[in-house]
Every structure is written in C-alpha cells, then in structure tokens.
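I opened my notebook to look up how the ligands are held.

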Amino acid sequence: MPVTIIVGAQWGDEGKGKIVDMLSDEIDIVARYQGGANAGHTVVIGDKEYVLHLIPSGIFHKRTTCVIGNGVVIDPVALMDEIAMIKSFGIRIDGRLFISHNAHLIMPYHKMLDVIREKDAGDQKIGTTGRGIGPAYIDKYMRTGIRVVDLLNRKTLADKLKANIAEKNQLLKKIYGAVEIDVDKIIAEYQEFDTKIDPYITDTMMYLNNALKKNKRILAEGAQGALLDVDHGTYPFVTSSNPTSGGACTGLGIPPTAVKKIIGIVKAYSTRVGNGPFPTELNDPTGERLRKIGGEYGATTGRPRRCGWLDMVSLKYSIQVNGISEIALTKLDVLDDFDEIRVCTGYTVNGTPLKSFSSEVATLETVTPVYKSFKGWKKDITGIRKYKQLPPATVKYIEAIEKLSGTKISLVSVGARRDQTIVR
Ligand code: GDP
Ligand code: IMO
Ligand code: MG
C-alpha cells in the first residue's frame with residue numbers, strides 16, 4: 001500500500017514544501033491533511049520562489065493531482081488567491097485539484113476572533129498566525145462549523161451563517177468590545193464562492209481510497225510540526241490540529257494500514273516562530289547568524305524565526321510519536337560557514353539529567369541543554385549532489401545525527417532548489 005506521510009519533526013518550517021515538491025515527481029496524489037493557511041510551504045524552481053498556504057506542494061508537477069483533505073480548515077479567500085496565483089504562472093489546476101466536501105471553512109469572524117484574542121492574551125499570547133485557525137477548529141468541534149459542502153446550498157449556508165454570526169456578534173460586542181459583523185455582507189461574499197469552488201469539490205475520502213485500490217502512490221503532506229501538535233506538542237503553545245502522522249489518517253480518511261513510510265523533515269538546526277518553550281534557542285549573535293544565513297523569516301507572516309541548535313531530545317520524541325521511518329535533513333548548507341556546530345544531546349534540571357523529553361511547558365522552561373560539539377566543515381556544499389563528495393566533517397555531523405536518533409537519513413538538502421538534494 002503506497003502511502004508516504006511527510007511530517008515536520010520540529011516546530012514547522014523544516015522545508016516540507018521543498019521535499020514534497022522534489023518527491024512529487026514520482027507521486028500520483030499529494031494531499032494536505034490538517035491546518036490551513038497558517039502554513040507557508042516554499043517551493044523554489046529555477047530562480048522562481050512560490051509560497052503555498054493551502055494547495056499541496058505537488059501542484060508544480062503536471063501529472064500529479066492534489067487533494068485538500070477533510071482535516072484542513074479552508075479560508076476561501078486565501079484559496080481563491082492561491083488558485084489565481086498558480087494559474088497566473090500558466091499552471092493548469094482544473095481537474096488536478098480536489099477539495100473535500102467535509103473540510104471546514106474559515107470565516108472572517110474566525111480571523112477577527114483569532115487576532116482579538118491574541119491582543120488581549122497578555123502572558124498567554126501564543127503568537128498565532130492570525131489566520132483564524134484556532135477559532136475555526138473550535139467551531140468544528142463545537143459542531144457549529146460551516147463546511148465546504150454547505151456552500152452548495154444557498155439556503156443552508158445563509159441559515160448557518162446567520163446562527164453563527166448571531167453568536168459571534170455577542171462574543172465580539174460583549175466580551176471583546178469590538179464592532180459587530182454584517183451578516184448580509186458575509187452571506188453575499190460566501191455565496192459567491194460556491195460557483196468558484198464547485199468544480200473542485202469532491203468526496204476526497206472516496207477518491208483517495210479508490211486510488212489506493214488502484215495502487216496509486218499518495219504523499220500526505222503535513223503542515224506545521226510535531227512539537228506544535230495540539231495533543232503532543234508544547235501545549236498551549238501549539239496549533240489547533242494534529243500535524244503528527246496520525247493526523248494524516250483522520251484528516252484524509254485513509255486507513256493506517258495503507259501507510260508504508262513516514263518521512264520526518266528535520267532542519268539541521270532548530271527554529272520556532274511564535275511563543276513557547278525552546279530549550280536550545282540562541283539569543284545571541286550565533287542565533288542571529290543562523291537567522292540571517294538561513295533566511296529565517298516566516299513564509300506566511302514574515303516574522304523573524306527564533307533560532308537555535310538542533311535538539312536531539314525533542315527530535316527523538318518526535319520520531320517516536322510520529323513513527324518516523326526515515327529523515328530528510330534540510331538546510332545543512334546554512335551551517336557551511338560555522339567554526340563550531342552544536343547538537344543538544346540531553347537536558348538537565350538543576351544539574352540532574354532528565355531522562356526524556358517532556359512536552360510540559362513548566363518543565364521545558366527549566367531545562368538546561370547538554371551539548372555535543374562538532375567541528376564545522378567551512379566549505380560551500382550547495383553544489384554537491386553525491387553523498388561521497390561531502391566534506392568529512394559534514395558526513396560526521398550527518399552520521400552523528402543518525403546515530404543519536406537511531407533513524408536513517410535518506411535525503412540531505414543543501415539548498416532551496418529542487419535539484420539541491422542528495423539522495424542516499
Ligand atoms: P515548510 O513550511 O516546512 O515548507 O518550510 P518553509 O518554506 O516555511 O521554510 C523553509 C525555507 O528554507 C524556505 O525559504 C525554503 O526555500 C528554504 N529551504 C528549504 N530547504 C533548504 C535547504 O536545504 N537549504 C537552504 N538554504 N534553504 C532551504
Ligand atoms: P508550516 O506548515 C511554523 C505556529 C504559530 C504559533 C502557533 C499557533 O509552514 O511549517 P496558529 O496560527 O496555527 O494558531 O498558530 O503555531 N505556526 C507555525 N510555525 N510553521 C508553520 O507552518 C506554522 N503554523 C503555525 O507561529 O506559534
Ligand atoms: Mg513554513
């Protein structure tokens with residue numbers, strides 16, 4: 001059974017877009033299973049850079065079809081912009097993009113509530129992307145959410161919107177002191193999406209399971225990363241979905257028995273955007289250097305990403321919770337010019353070693369990382385395509401990560417472009 005899941009093994013932005021695009025050449029269907037337009041997946045082809053938020057990163061391969069699964073929360077405004085952007089590059093999208101009828105929609109009030117809540121959150125500010133993700137998933141689990149299928153029936157859509165907006169207006173006015181939403185304006189706006197989205201709406205669960213019967217190769221593209229998972233991440237500083245591999249089955253409606261491979265995308269160092277614990281964070285010139293060389297600014301919000309060394313303690317946790325069978329190590333070239341490279345191999349609390357990772361914020365905030373030091377290779381590796389041609393110090397770093405994680409590194413990425421990849 002040919003399903004491969006791609007998961008971010010850290011706090012997102014590991015380079016999932018690049019790896020998914022690169023692997024899509026030999027894939028029939030690429031499917032996003034959770035999250036929404038909070039994701040920013042960058043694909044670089046030649047000298048052009050594309051940032052995708054909702055559309056799967058396989059879209060640039062003509063014979064690959066793309067699915068937005070039931071687990072995704074879809075902002076129709078963002079989706080329409082993205083479809084127009086892709087079409088403007090001369091890429092055919094009709095007949096190649098399928099959107100689940102069961103996916104929930106992000107409404108303007110979700111985005112408003114996301115931003116207003118954050119503004120009032122003080123110490124508890126998560127640093128969300130402001131894309132309405134949390135409020136949309138709240139409505140999904142509250143069972144009041146509006147789904148893609150609702151766009152097809154104008155009366156149902158209007159009724160559901162009226163009920164939702166009446167409640168949200170109470171919240172906005174009485175709790176947040178904000179302006180109320182105009183129901184008619186939103187109804188008119190969303191009724192327009194029906195004709196635009198209609199051609200793409202499909203029962204994607206059926207589509208994917210039929211494809212499985214025909215032995216088609218499916219790549220499930222995770223957004224965010226394991227440490228941002230609502231169940232397994234550093235709660236409450238997480239996103240509101242399950243980026244971990246289990247999320248692929250519920251978010252697409254495919255059985256776990258169909259999954260054969262789980263590739264964890266691991267950046268050669270660590271980054272985090274938004275708030276929350278980050279044991280190996282470097283608030284010093286080395287951290288700034290990583291940010292500058294790695295271009296570590298959010299693909300969605302443009303915010304500077306927090307940077308630090310690779311953390312094997314959290315990575316081992318991520319490998320366990322996702323069942324990662326192999327690693328794609330990305331952005332290794334960013335370390336080309338460092339004299340010394342560090343890897344966190346353990347944590348201590350008040351001098352006592354901590355046995356394993358804890359996703360508890362209170363614990364993570366008190367840990368001190370224990371580092372192993374590696375000599376930098378001080379060489380430009382961006383042009384290398386064969387593993388054997390990598391400098392000995394680079395190989396030593398890669399193989400140390402393999403040994404410490406107990407997981408094979410099957411891909412090494414040495415640049416943002418498709419071709420800048422070493423397949424082992
Ligand atoms: P994603 O959210 O996991 O898809 O990652 P992002 O696209 O948000 O961030 C990764 C950034 O690193 C993007 O700007 C990519 O173009 C870039 N990138 C990906 N792989 C590499 C690599 O191996 N080397 C370098 N230098 N940049 C890379
Ligand atoms: P990709 O798919 C990195 C972070 C936000 C915030 C937290 C919650 O590009 O790797 P949300 O808007 O989801 O409610 O914000 O999660 N976050 C990401 N960080 N990469 C992402 O996606 C992210 N999507 C959300 O910064 O800390
Ligand atoms: Mg990103």
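**Entry 1: ligand 1**

I noted at the start that this is a predicted model. Which residues come nearest to ligand 1? I found 19 residues around ligand 1, and the nearest are Lys16, Gly17, Thr42, Asp333 and Ser413.

I then looked up polar contacts. I used a cut-off of 3.5 Å between N or O atoms. A polar backbone atom of Lys16 is 2.7 Å from an oxygen atom of ligand 1. For Gly17, a polar backbone atom is 2.8 Å from an oxygen atom of ligand 1. Lys331 uses its side chain: an N or O atom there is 2.9 Å from an oxygen atom of ligand 1.

Next I asked how much of ligand 1 the protein covers. On its own, ligand 1 has 580 Å² of accessible area, and the protein covers 90% of that. I also looked up the pocket. Ligand 1 takes up the space of the second largest pocket.

Which elements give two or more residues to the shell around ligand 1? I wrote down helix H1 (16-23) and strand E3 (41-45).

I sorted the shell of ligand 1 by class. I got five nonpolar, seven polar and seven charged residues.

**Entry 2: ligand 2**

I moved on to ligand 2. How many residues surround it? I found 20, and the closest are Lys16, His41, Thr129, Gln224 and Thr239.

Asp13 has a backbone N or O atom 2.8 Å from an oxygen atom of ligand 2. Gly40 has a polar backbone atom 2.9 Å from an oxygen atom of ligand 2. Thr239 makes its contact through the side chain, with a polar atom 2.6 Å from an oxygen atom of ligand 2.

I checked the cover next. The protein covers 98% of the 550 Å² of accessible area that ligand 2 has on its own. Which pocket holds ligand 2? I found ligand 2 in the largest pocket.

By class, I counted seven nonpolar, ten polar and three charged residues in the shell around ligand 2.

**Entry 3: the backbone**

I turned to the peptide bonds. Is the bond from Tyr235 to Pro236 cis or trans? I read it as cis, with omega near 5°. I located Pro236 in the loop between strand E10 (218-221) and helix H8 (246-252).

Then I looked up phi for Arg143. The value is near 70°, which is positive, and the residue is not a glycine. I placed Arg143 in the loop between helix H4 (133-142) and helix H5 (154-175).

Terms used: Residues are numbered from 1 along each chain as its sequence is written. Chains are lettered from A and ligands numbered from 1 in the order in which they are written. This is a predicted model: local features need pLDDT of at least 70, side-chain atom pairs count only at pLDDT 80 or more; totals for chains, interfaces and linings use all residues. Side-chain values use heavy atoms; hydrogens and water are left out. A residue is near a molecule or strand if one of its heavy atoms lies within 4 Å of it. A polar contact is a pair of N or O atoms within 3.5 Å; within protein, one must be able to donate a hydrogen and the other to accept it, and residues adjacent in sequence count only if both atoms are side-chain atoms. Accessible areas come from the Shrake-Rupley method with a 1.4 Å probe; for residues, only the protein chains shown count as cover. On a 1 Å grid over the protein atoms alone, a cavity is a set of points where a 1.4 Å probe fits but cannot get out, and a pocket is an open set with protein on both sides within 12 Å along at least five of seven lines; lining residues have an atom within 4 Å of a point. A molecule sits in a cavity or pocket if more than half of its atoms lie within 2 Å of its grid points. Helices (H or I, at least four residues) and strands (E, at least two) are DSSP runs, numbered from the N terminus. Ala, Val, Leu, Ile, Met, Phe, Trp, Tyr, Cys and Pro count as nonpolar, Asp, Glu, Lys and Arg as charged, and the others, Gly among them, as polar.
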